[in-house]
Amino acid sequence: MQTRSLSWSFDFSHELTQVWDVVTNTDRVNRSMGLPAVQYENTPKASGGSKRFGRFKMLGLDLKWHENPYEWVLHQRFSVERDYLSGPLKKMTLKWELQKLPQGCRLTQNIEYLPRNPALLPLAKFQIQNRIRPGFLKF
């Protein structure tokens, strides 16, 4: 099965730096979407550094993932890739880009996701479209 992608943009009348401060506070964004708090666990690597795992329960499913380091350019874009160990997805990459407009800014979000099996594709797409996207409308 191949990776699927959903993308949308929102125009805000606020300054780009104000929107950046809100959307990069991912705990706050998750709460606005009605997601449970993420529990993080850092596991030391023998070579130095650590691997970070996140988990929460949603719709009776225990979701656990390896969270790769965020990549970002201040006030322009940021992204994170998650490799799921359980739940309906195998992988999800979330990307946010901000663009200055004459009267505010535009936030574009792109989500690439790979379902664990084809039967879970409708559930994954429904959750992304009906939970993540509307969460941004609350700002």
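Welcome! The model is a predicted one, where local features need pLDDT of at least 70 and side-chain atom pairs count only at pLDDT 80 or more, while totals for chains, interfaces and linings use all residues. Numbering runs from 1 along each chain as its sequence is written, and side-chain values use heavy atoms, with hydrogens and water left out.

**Around Thr-93**

- Thr-93 counts as buried because its relative accessibility is 11%; buried means under 20% relative accessible area, exposed over 50%, and partly exposed in between, with a 1.4 Å probe and protein chains only.
- Leaving aside residues up to four places away in sequence, Thr-93 touches Val-80, Glu-81, Asn-110, Ile-111 and Glu-112, where a contact means heavy atoms within 4.5 Å.

**The chain as a whole**

- The chain holds 3 helices and 8 strands.
- Following the sequence, their order is β-α-α-β-β-β-β-β-β-β-α.
- Along its principal axes, the C-alpha trace spans about 45 × 40 × 25 Å.
- Of the 139 residues in the chain, 37% are buried.
- Among contacts between residues at least 6 apart in sequence, 48% join residues at least 24 apart.

**Surface and charges**

- The accessible surface of the chain is about 8,300 Å², and carbon and sulfur atoms account for 50% of this surface; the areas come from the Shrake-Rupley method with a 1.4 Å probe, and for residues only the protein chains shown count as cover.
- The chain has 21 positive and 12 negative charges, whose mean positions are 6 Å apart.
- Lys and Arg count as positive and Asp and Glu as negative, while His and the chain ends are not counted; each charge is placed at NZ of Lys, CZ of Arg, CG of Asp or CD of Glu.

- Strand β2 (residues 39-44) pairs with strand β3 (residues 50-58) in the antiparallel sense over 6 bridges; two strands pair if DSSP finds at least two bridges between them.
- Pro-44 stands opposite Ser-50 in β3.
- The hairpin of β2 and β3 has 5 residues between the strands, and Gly-48 takes a positive phi near 105° there.
- β3 also pairs with strand β4 (residues 61-67), in the antiparallel sense over 7 bridges.
- Phe-53 has His-66 in β4 as its bridge partner.
- With 2 residues between its strands, the hairpin of β3 and β4 includes Leu-59 at a positive phi near 55°.

**Other residues to look up**

- Asp-27 sits in helix α2 (residues 26-32) and counts as partly exposed because its relative accessibility is 42%.
- Asp-27 and Val-38 are 11 residues apart in sequence, with 7.9 Å between their C-alpha atoms.
- Val-73 belongs to strand β5 (residues 71-73), and its 29% relative accessibility makes this residue partly exposed.
- Val-73 and Glu-97 are 24 residues apart along the chain, and their C-alpha atoms are separated by 9.5 Å.
- His-75 lies in the loop between β5 and β6 (77-84) and, at 28% relative accessibility, counts as partly exposed.
- Phi of His-75 is near 65°, a positive value in a residue other than glycine.

Methods
Helix = DSSP H or I, 4+ residues; strand = E, 2+ residues; numbered from the N terminus.
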